[in-house]
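This briefing is for a reader who is new to the structure shown below.

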Amino acid sequence: MTINSIARSYLLVPLCMIAMAWMGEAMAGTSECYAIKDADKRAYCLAQVKRDSGSCYRIKDGDNRNQCLAEIKGSRDRCYAIKKHDARKTCLAVK
């Protein structure tokens with residue numbers, strides 16, 4: 001074994017441990033989302049945990065869908081589509 005391969009093996013172990021811990025957190029969050037009975041809330045939770053806008057499109061309520069898309073995509077454009085004035089104002093303030 002060379003010094004490089006030894007050093008690489010010592011670096012690989014902590015990196016793998018970090019990756020496993022991160023994946024465990026993401027999986028735990030996902031399983032908690034699937035336990036939510038309300039379909040819109042479950043889709044919102046999954047979108048937040050996975051950072052996936054595809055889950056936002058499953059939300060039936062238009063204002064909540066647009067709020068979700070604004071948060072996930074980081075786009076203020078979706079905030080303007082929210083019909084409730086207070087919710088639109090809150091959305092625009094966050095972005």
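**Disulfides, a helix contact and nonpolar cores**

Cys79 is joined to Cys91 by a disulfide, with an S to S distance of 1.9 Å; a disulfide is a pair of cysteine sulfur atoms within 2.5 Å. The model is predicted, so local features need pLDDT of at least 70 and side-chain atom pairs count only at pLDDT 80 or more, while totals for chains, interfaces and linings use all residues. Residues are numbered from 1 along each chain as its sequence is written, and side-chain values use heavy atoms, with hydrogens and water left out.

**Cys79 and Cys91**

- The torsion about the S-S bond of Cys79 and Cys91 is about -60 degrees, so this disulfide is left-handed.
- The pair links distant parts of the chain, 12 residues apart: Cys79 sits in the loop between H4 and helix H5 (85–94), and Cys91 in helix H5. Helices (H or I, at least four residues) and strands (E, at least two) are DSSP runs, numbered from the N terminus.
- Cys79 is buried, at a relative accessible area of 0%, and Cys91 is buried with a relative accessible area of 0%. Buried means under 20% relative accessible area, exposed over 50%, and partly exposed in between (1.4 Å probe, protein chains only).

**The other disulfides**

- A search of the whole structure finds 3 disulfides.
- Cys33 and Cys45 form a disulfide with sulfur atoms 1.9 Å apart. Cys33 lies in helix H1 (residues 3–34) and Cys45 in helix H2 (residues 39–50), so the pair ties together parts that are 12 residues apart in sequence.
- The link of Cys33 and Cys45 is left-handed, with -65 degrees about the S-S bond.
- Cys33 is buried at 0% relative accessible area, and Cys45 counts as buried at 18% relative accessibility.
- Cys56 and Cys68 form a disulfide with sulfur atoms 2.0 Å apart. This pair links distant parts of the chain, 12 residues apart, with Cys56 in helix H3 (residues 53–56) and Cys68 in helix H4 (residues 62–73).
- The S-S torsion of Cys56 and Cys68 is about -65 degrees, so their disulfide is left-handed.
- Cys56 is buried, with 0% relative accessible area, and Cys68 counts as buried at 0% relative accessibility.
- With the bonded cysteines of the chain numbered in sequence order, the pairing is 1-2, 3-4, 5-6.

**Contact of H2 with H4**

- The axes of H2 and H4 come within 10 Å and cross at roughly 5 degrees. Axes are lines fitted to C-alpha atoms, for helices over the stretch in contact, and angles run from 0 to 180 degrees between N-to-C directions.
- H2 is therefore roughly parallel to H4 (angles under 35 degrees count as roughly parallel, over 145 as roughly antiparallel, 65 to 115 as roughly perpendicular and the rest as oblique).
- Tyr44, Ala47 and Gln48 of H2 and Cys68, Glu71 and Ile72 of H4 make the contact, which means heavy atoms within 4.5 Å.

**Nonpolar cores**

- The largest nonpolar core has 7 residues: Ala43, Ala47, Cys56, Ile59, Cys68, Leu69 and Ile72. A nonpolar core is a set of buried Ala, Val, Leu, Ile, Met, Phe, Trp, Tyr and Cys residues joined through side-chain atoms within 4.5 Å.
- H2 and H4 each supply at least two residues of this core, and its largest share, 3 residues, comes from H4.
- A second, separate core of 5 residues includes Ala70, Cys79, Ile82 and Cys91.
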